[in-house]
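Reader: Hi! I'm new to this one, could you walk me through it?
Author: Happy to, let's take a look together.
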Amino acid sequence: MHDLEPSIIQCPYCGEAIEVLVDCSVQSQEYIEDCSVCCRPITICVESWQGEVVSIEARSEDE
């Protein structure tokens, strides 16, 4: 089973704080998830270590 950790990010488009679930069984990952408020695609970069999120960054598509 995957270690899913809730994290709060700020949408780079609308500025809303949204919760995303991060799979902490993967040390380094980059994926795209749509904002739950404005529905625009957010590129999310995550680093995790031993089941915990170490860093998370949210970027727009053109960054």
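Reader: Where is Ser-7 found?
Author: Ser-7 lies in strand E1, residues 4-10 (strands are DSSP runs of E, at least two residues, numbered from the N terminus). This is a predicted model, where local features need pLDDT of at least 70, side-chain atom pairs count only at pLDDT 80 or more, and totals for chains, interfaces and linings use all residues. Residues are numbered from 1 along each chain as its sequence is written, and side-chain values use heavy atoms, without hydrogens and water.

Reader: Is Ser-7 buried or exposed?
Author: Ser-7 is buried, because its relative accessible area is 11% (buried means under 20%, with a 1.4 Å probe and protein chains only).

Reader: And what does Ser-7 touch?
Author: Not counting residues up to four places away in sequence, Ser-7 touches Ile-18, Glu-19, Val-20, Val-22, Val-53 and Ile-56 (contact means heavy atoms within 4.5 Å).

Reader: New topic: how do E3 and E4 pair?
Author: E3 (residues 28-34) and E4 (residues 41-49) are antiparallel, with seven bridges (pairing takes at least two DSSP bridges). Six residues sit between them in a hairpin, and Cys-39 in that turn has a positive phi of about 70°.

Reader: What about E4 and E5?
Author: E4 pairs with E5 (residues 52-59) in the antiparallel sense too, over seven bridges. That hairpin has two residues between its strands, and Gln-50 in the turn has a positive phi of about 50°.

Reader: Which residues go with Glu-47 across the strands?
Author: Ser-28 stands opposite Glu-47, and in E5 the bridge partner of Glu-47 is Ser-55.

Notes. Helix = DSSP H or I, 4+ residues; strand = E, 2+ residues; numbered from the N terminus. Buried < 20%, exposed > 50% of the residue type's maximum accessible area, 1.4 Å probe, protein only.
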